[in-house]
Number of protein chains: 2
Amino acid sequence: MSSASRAPGRPLNPAIDDQILNATQDLLIEEGFERLSMDAVARRCGASKATIYRRWPSKTALVVSAAAALLQPPPVPDTGDLREDLLACGLAYMQQEGRTLQVLANLTTATQHDPELREAFREAVSSPYAGLFDAVLGRAAERGLIRPDLDLDTLARVFPAMAYQQLAAQARSLTERDVQRVVDAVLLPALGTNAVPAPTSL
Amino acid sequence: MSSASRAPGRPLNPAIDDQILNATQDLLIEEGFERLSMDAVARRCGASKATIYRRWPSKTALVVSAAAALLQPPPVPDTGDLREDLLACGLAYMQQEGRTLQVLANLTTATQHDPELREAFREAVSSPYAGLFDAVLGRAAERGLIRPDLDLDTLARVFPAMAYQQLAAQARSLTERDVQRVVDAVLLPALGTNAVPAPTSL
């Protein structure tokens, strides 16, 4: 937002942004995406619709921000050990408390009928997580830790797809045991690195 | 249904069953699961509600039958070649024309809010397909074609999860190329069988 469009004497207030995002999360959980309106968000948090629209030009932009605010993808792990890095990528998907899961499940559902929301959701929410696997695998290839001819695009999609299915079809997050199984039974063998973890590994 | 509960002089008529399932599919596509009612199905196909309830005791049972009627999981493939068998399992997910995809996408969405529907959908629709991978991998293990200590449960879930994500998050079916990539880049290497397909293979 350019400062020229800001009303004089009404500086942006990060606390108000938080309240708006929080109200949006509440309404996503209580009402779902379809029934959520900018009016209802404004009523819930006591902000004016103009305040909301100054920051988020559309309902799609607002709900995607509200979801992204609940998630903090970690930096690309770099422990020096491919297995540990892959486990860290997978565990990043698990740090989701009930509120986050509910918001994600509701939005995941809504994306199925709304291509614009689907694209915005992928860009702001899914890609930062899926990108962890892309980054770790790409770096392993650069370092010569894995064969250069592997289909890394497909391999990087395995874990995100399994996490997505669990969330969307079963409304639950993967467990730590699930993460280990995908890494040890699928990814590492498919990468040609059947490393047995050292007993003292993290 | 026991014949004792059938009204005298009103034998079951398979053509009416087909009309009811067809009307249910239409309404799932047009209205979605939430708004679909037994009344609307009855009106659409000209059957009485009693006729519908004699065959399907609940809306959940009816919509799951309507979805299953669009799908015909093949018998477990047994070509004598593990790669061909896995490709056949994956390709079974692709034989879905637009109508089927729309019904599945709508029901997939609805299952997220409805645990009873989720369970019925899994049993009647998802499991017969996912079971193809279970069967092919289990048989390969019995025949000694793959190592006995593999985590076949996790490996069997990879493809169904990737197909589900594509359907639910992107509203499209996997392509034949996608199927090949998952089999060749993920499953076969993870199974420890990096077999290069023979040029004359089916």
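Reply: Let's start at Asn106(A), which sits in helix α6 of chain A, the stretch covering residues 98-111. Keep in mind that this is a predicted model. Is Asn106(A) buried or exposed? Its relative accessibility is 14%, so Asn106(A) counts as buried, the cut-off for that being under 20%. A polar atom of its side chain lies 3.1 Å from the backbone oxygen of Leu28(A). Leaving out residues up to four places away in sequence, Asn106(A) touches Leu28(A), Ile29(A) and Gly32(A), plus His113(B) from chain B.

As for handedness, α1(A) and α6(A) cross in a left-handed way. On the α1(A) side the meeting residues are Asn22(A), Gln25(A), Asp26(A), Leu28(A) and Ile29(A), and on the α6(A) side they are Arg99(A), Gln102(A), Val103(A), Asn106(A) and Leu107(A).

Now over to chain B. There, helix α6 (residues 98-111) packs with helix α7 (residues 115-142) at about 140°, with 8 Å between the axes. That makes α6(B) oblique to α7(B), and this crossing is left-handed. From α6(B), the contact uses Leu104(B), Leu107(B), Thr108(B), Ala110(B) and Thr111(B), while α7(B) supplies Leu117(B), Arg118(B), Phe121(B) and Val125(B).

Helix α7 of chain B also packs against the buried residues of α5(B), as do α8 (152-170) and α9 (176-191) of that chain. Helix α5 of chain B, residues 82-92, is mostly covered, with 9 of its 11 residues buried. Among the buried ones are Arg83(B), Glu84(B) and Asp85(B), along with Leu86(B) and Leu87(B). At the start of this helix, a side-chain oxygen of Asp81(B) comes within 3.1 Å of the backbone nitrogen of Arg83(B).

Apart from neighbours within four places in sequence, Leu86(B) is in contact with Phe133(B), Val136(B), Leu137(B), Val183(B), Leu187(B), Leu188(B) and Leu191(B). In the largest nonpolar core, which has 123 residues, Leu86(B) is listed with Leu86(A), Val158(A), Leu191(A) and Val158(B) as having the most contacts inside that core. Another core, of 6 residues, lies apart from it and includes Tyr164(A), Ala168(A), Tyr164(B) and Ala169(B). In soluble globular proteins, nonpolar side chains tend to be buried together.

Definitions and conventions: Residues are numbered from 1 along each chain as its sequence is written. Chains are lettered from A and ligands numbered from 1 in the order in which they are written. This is a predicted model: local features need pLDDT of at least 70, side-chain atom pairs count only at pLDDT 80 or more; totals for chains, interfaces and linings use all residues. Side-chain values use heavy atoms; hydrogens and water are left out. Helices (H or I, at least four residues) and strands (E, at least two) are DSSP runs, numbered from the N terminus. Buried means under 20% relative accessible area, exposed over 50%, partly exposed in between (1.4 Å probe, protein chains only). A polar contact is a pair of N or O atoms within 3.5 Å; within protein, one must be able to donate a hydrogen and the other to accept it, and residues adjacent in sequence count only if both atoms are side-chain atoms. Contact means heavy atoms within 4.5 Å. A nonpolar core is a set of buried Ala, Val, Leu, Ile, Met, Phe, Trp, Tyr and Cys residues joined through side-chain atoms within 4.5 Å. Axes are lines fitted to C-alpha atoms, for helices over the stretch in contact, and angles run from 0 to 180 degrees between N-to-C directions. Angles under 35 degrees count as roughly parallel, over 145 as roughly antiparallel, 65 to 115 as roughly perpendicular and the rest as oblique. A crossing is left-handed if the near helix is turned anticlockwise from the far one by less than a right angle, and right-handed if clockwise.
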